[in-house]
Amino acid sequence: MKSAKPRPEQRSATRRKLWLALGWLQTLGVTILSLLPLRELPGPAFSHLDKLYHVTAYGVLMAWFAWGTPVARRKQLAGWLLVLGIAIELAQGYVPYRASSVADALADALGIALGAWLVRRPYAGFAAVAGSK
């Protein structure tokens, strides 16, 4: 007996679940890395490396989730990502070798804005994988 092929809507739902799971895994990674008690950041030595990390991390998160989010809900998504960034900044005040920083929260907001700008017209391939409309 042949096994039945999944219907297109089942494949789409499976892809969407995988897309979201990978996004949540990225969010968990950003949260864990942000709360590790590091004396200094890995990478090349230049004065605003941490701001570059913030812009990049939150830009990637915004773009990743926005590709799978209807346009009407992207402002809400951006708001929740900003809440996450601010919450992490507040928590860093209690982590050894870390400090809360308004500049870091602003870098998070810049990253969110860049991620939203990047997906203002989703590429067909990404939109198909994410199942967005």
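**Figure 1. Aromatic pairs in the predicted model.** The count comes to 2 aromatic pairs, where rings of Phe, Tyr and Trp (its six-membered ring) pair if their centres lie within 6.5 Å. One of them is the stacked pair of Trp19 and Trp64, at 4.1 Å centre to centre and 5 degrees between the planes; planes under 30 degrees apart count as stacked, over 60 as edge-to-face and the rest as tilted. The pair links distant parts of the chain, with Trp19 in helix α1 and Trp64 in helix α2, 45 residues apart. Trp19 is buried, with a relative accessible area of 7%; buried means under 20% relative accessible area, exposed over 50% and partly exposed in between (1.4 Å probe, protein chains only).

This is a predicted model, in which local features need pLDDT of at least 70 and side-chain atom pairs count only at pLDDT 80 or more, while totals for chains, interfaces and linings use all residues. Residues are numbered from 1 along each chain as its sequence is written, and side-chain values use heavy atoms, with hydrogens and water left out.

**Figure 2. The largest nonpolar core.** A nonpolar core is a set of buried Ala, Val, Leu, Ile, Met, Phe, Trp, Tyr and Cys residues joined through side-chain atoms within 4.5 Å. Among the 16 residues of the largest one, Tyr58, Leu61, Met62, Leu77, Leu81 and Ile112 touch the most other members. Two or more residues each come from α1 (8-35), α2 and α3, and α2 gives the largest share, 8 residues. Helices are DSSP runs (H or I, at least four residues), numbered from the N terminus.

**Figure 3. Surroundings of Leu61.** Neighbours within four places in sequence are left aside; Leu61 is then in contact with Gly23, Gln26, Thr27, Val30 and Leu81. Contact means heavy atoms within 4.5 Å.

Figure 4. Helix α4 (residues 102-118) has 17 residues and reaches 24 Å from its first C-alpha to its last, close to the 24 Å expected at 1.5 Å a residue; the expected span is 1.5 Å times one less than the number of residues. Asp104, Ala105, Ala107, Asp108, Gly111, Ile112 and Gly115 are buried in α4. Down the axis, these buried residues fall within an arc of 155 degrees, so they line one face of the helix; the arc is that of the directions from the helix axis to the C-beta atoms. They pack against α2 (49-67) and α3 (74-92). On the other side of α4, Val102, Leu106 and Trp117 are exposed.
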